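Hi everyone, thanks for coming. Let's walk through this structure together, one part at a time. Please have a look at it first.

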Amino acid sequence: MGLRYRKNLKAVFGRPDVAFCGLRVAVFVDGDYWHGRILQQSGLQALNESLKTSNRAFWVRKIQQNVARDTLVNGELERAGWSVVRVWETDLKRNPALVAARILELVSSRRLVTGGPSAQGTCAVGLQADS
């Protein structure tokens, strides 16, 4: 099943790590720390307790902003007809086959719905990419 993909594509809003353009599937591999895994799974108190720094308020705010940006990117891509997959980096490291199977399942379902990649194969979604 030869799948065509692009890496770190600036033309797609949010600059996904992997984009299956014709099928409009965007894959992001999120770092646990920078994208707030603790915050999302255990809450603000757990994040505060996990940060061992004197500048805790700055880092909490920074991580909250990253999570908010991820949510914005997901919404914009979904409104433009894309399916978004977000993968935690440690999950990918622990079980790459499981992550690949999850992505393949989504890509396969998009092939069934769309009838395969679009003739254009374009990745542009009409949104300005992050810098």
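In helix H3, the buried residues are Val60, Ile63, Asn66, Val67, Asp70, Val73, Asn74, Gly75 and Leu77. Buried here means under 20% relative accessible area, with exposed over 50% and partly exposed in between, using a 1.4 Å probe and protein chains only. An α-helix has 3.6 residues a turn, so residues three or four places apart point the same way.

Before going on, a word on the model: it is predicted, so local features need pLDDT of at least 70 and side-chain atom pairs count only at pLDDT 80 or more, while totals for chains, interfaces and linings use all residues. Residues are numbered from 1 along each chain as its sequence is written, and side-chain values use heavy atoms, leaving out hydrogens and water.

What covers the buried residues of H3? The cover includes strand S3, helix H1 (37-42), helix H2 (44-50) and strand S4. Helices (H or I, at least four residues) and strands (E, at least two) are DSSP runs, numbered from the N terminus. After H3 comes Gly81, with a positive phi near 90°.

Now to the sheet. It is open, with 4 strands in the order S1-S2-S3-S4 and mixed pairing; two strands pair if DSSP finds at least two bridges between them. At the edges are S1 (6-7) and S4 (83-88), each pairing on one side only. H3 packs on this sheet, touching S3 and S4, where contact means heavy atoms within 4.5 Å. The direction of H3 makes about 150° with that of S4; axes are lines fitted to C-alpha atoms, for helices over the stretch in contact, and angles run from 0 to 180 degrees between N-to-C directions. S3 and S4 run parallel, joined by 6 bridges, and Ala26 has Val84 in S4 as its bridge partner.

Let's finish with the aromatic rings. Rings of Phe, Tyr and Trp (its six-membered ring) pair if their centres lie within 6.5 Å; planes under 30 degrees apart count as stacked, over 60 as edge-to-face and the rest as tilted. The whole structure has 4 such pairs. Tyr5 and Phe20 make a tilted one, 6.2 Å centre to centre with 55° between the planes. Tyr5 sits in the segment before S1 and Phe20 in strand S2 (residues 18-20), so this pair ties together parts 15 residues apart in sequence. Phe20 counts as buried because its relative accessibility is 8%. Lastly, Tyr33, Trp34, Phe58 and Trp59 form one aromatic cluster.
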